[in-house]
Amino acid sequence: MRRLTLLILTIVAATSVLGPNAQAAGKLKVVATISDLKSLTETIGGDLVEVDSLTRGTQNLHEAEVRPSMMLKLRRADAVVENGLGLDAWADVAIEAANNANIIRGGRGRIDISRNVEVLEVPGSRVDRSMGDVHPQGNPHFSLDPGLAPVITQNIVEGLARVAPDRRAVFEQNRQAFLARLEQEMVKWTQAMAPVKGAKVVVFHPVYVYFLTRFGLVQAAALEDRPGIPPSPQHLATVIREMKAQKIKAILVEPWNDVKLANRVAEEAGARALVMATAVGAVKGADNYIAAIDYNITALAKALR
Ligand SMILES: [Zn+2]
């Protein structure tokens with residue numbers, strides 16, 4: 001009996017991995033590691049895809065816990081869309097355990113959206129992961145920079161088209177429609193940010209550097225001593241002093257981080273802490289890619305005026 005069960009399991013596993021073009025049976029099953037990529041993949045794939053995210057926007061994306069439910073999703077996936085640059089390194093563990101040839105590194109369904117992204121905050125040669133830095137390959141939080149959406153969606157189109165070559169035209173068409181809409185929004189966002197251009201802000205964890213740079217804002221300091229290292233009292237004292245001296249009005253904080261601490265620091269420095277849409281779904285109203293960016297633009301334009 002046990003042998004038979006094992007045999008059946010083996011057959012099921014073999015057909016799901018080696019079976020005929022999965023897309024012929026219906027929608028492509030795509031798993032995104034983070035919610036931003038779920039939203040963008042849905043936009044590109046439209047009716048042709050069914051997308052699941054392994055994390056929610058409200059959580060620290062560096063530290064997702066690998067669960068059996070992740071493995072189940074990954075086992076039957078035609079493609080995985082990952083952020084790369086080490087942000088979702090935890091997904092490697094789950095993907096390996098899922099034992100699905102489509103999505104192993106080098107597999108045609110493995111889609112890394114950091115390809116061709118110009119990486120910011122690349123550390124010098126002295127960085128040592130044992131020091132606890134969670135950005136050893138540079139800053140991985142680029143997905144909510146709308147100026148990078150053309151590159152990201154190009155990577156998604158290429159990846160989906162590898163899995164379903166006969167649908168490439170549809171993916172490309174959906175991408176063009178999205179980019180046209182994004183361009184309109186970009187005009188609006190640029191106008192909204194124009195009056196506060198050049199303003200300095202402090203961040204808790206450096207999630208926003210691509211976004212800030214895009215709109216001409218300056219990240220003056222981070223509350224963390226280094227990415228992923230909690231703030232020390234000495235460091236906070238320095239930041240508060242700097243904030244007062246430079247009249248910095250805002251601290252940007254992630255919903256999953258120590259918002260109370262950010263509030264305390266802001267109060268001492270005569271500033272405000274803003275809880276940001278650090279990912280799609282991180283805050284109320286940030287339900288899709290464009291809505292999340294819109295939320296951040298609105299919050300910053302208002303606070304920095
Ligand atoms: Zn980070």
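Donors are N, O and S atoms within 2.8 Å of the metal. In this predicted model, the zinc ion has its donors spaced along the chain as H-x72-H-x5-H-x63-H. The residues concerned are H62, H135, H141 and H205, each coordinating the zinc ion through its NE2 atom, at 1.9 to 2.0 Å.

What arrangement do the 4 donor atoms around the zinc ion make? The angles they subtend run from 106 to 114°, so the arrangement is tetrahedral. For comparison, the ideal angle for four tetrahedral donors is 109.5 degrees. H135 counts as buried because its relative accessibility is 3%. H141 has a relative accessible area of 13%, so it is buried as well; the cut-off for buried is under 20%.

Strand 1 (residues 28–32) and strand 3 (residues 79–82) run parallel and are joined by 3 bridges. Within this pair, V30 of the chain stands opposite A79 in strand 3.

V30 is also one of the residues that L160 touches, and others among them are L28, I44, V49, I111 and F171. L160 belongs to the largest nonpolar core, which has 65 residues; L160, L212, L252, Y289 and L300 touch the most other members. Helix 10 (residues 289–304) gives the most to this core, with 9 residues. A second, separate core has 17 residues, including M243, L261, A266 and A269.

Definitions and conventions: Residues numbered from 1 in each chain as written. Predicted model: local features only at pLDDT ≥ 70, side-chain atom pairs only at ≥ 80, totals over all residues. Heavy atoms only, no water. Core = buried A, V, L, I, M, F, W, Y, C linked by side-chain atoms within 4.5 Å. Buried < 20%, exposed > 50% of the residue type's maximum accessible area, 1.4 Å probe, protein only. Helix = DSSP H or I, 4+ residues; strand = E, 2+ residues; numbered from the N terminus. Contact = heavy atoms within 4.5 Å. Pairing = 2+ DSSP bridges. Donors = N, O, S within 2.8 Å, 3.2 Å for Na, K, Ca; no water. Tetrahedral: all angles 85-135°; square planar, octahedral: opposite > 155°, others 65-115°. Lists of a residue's contacts leave out its neighbours within four places in sequence.
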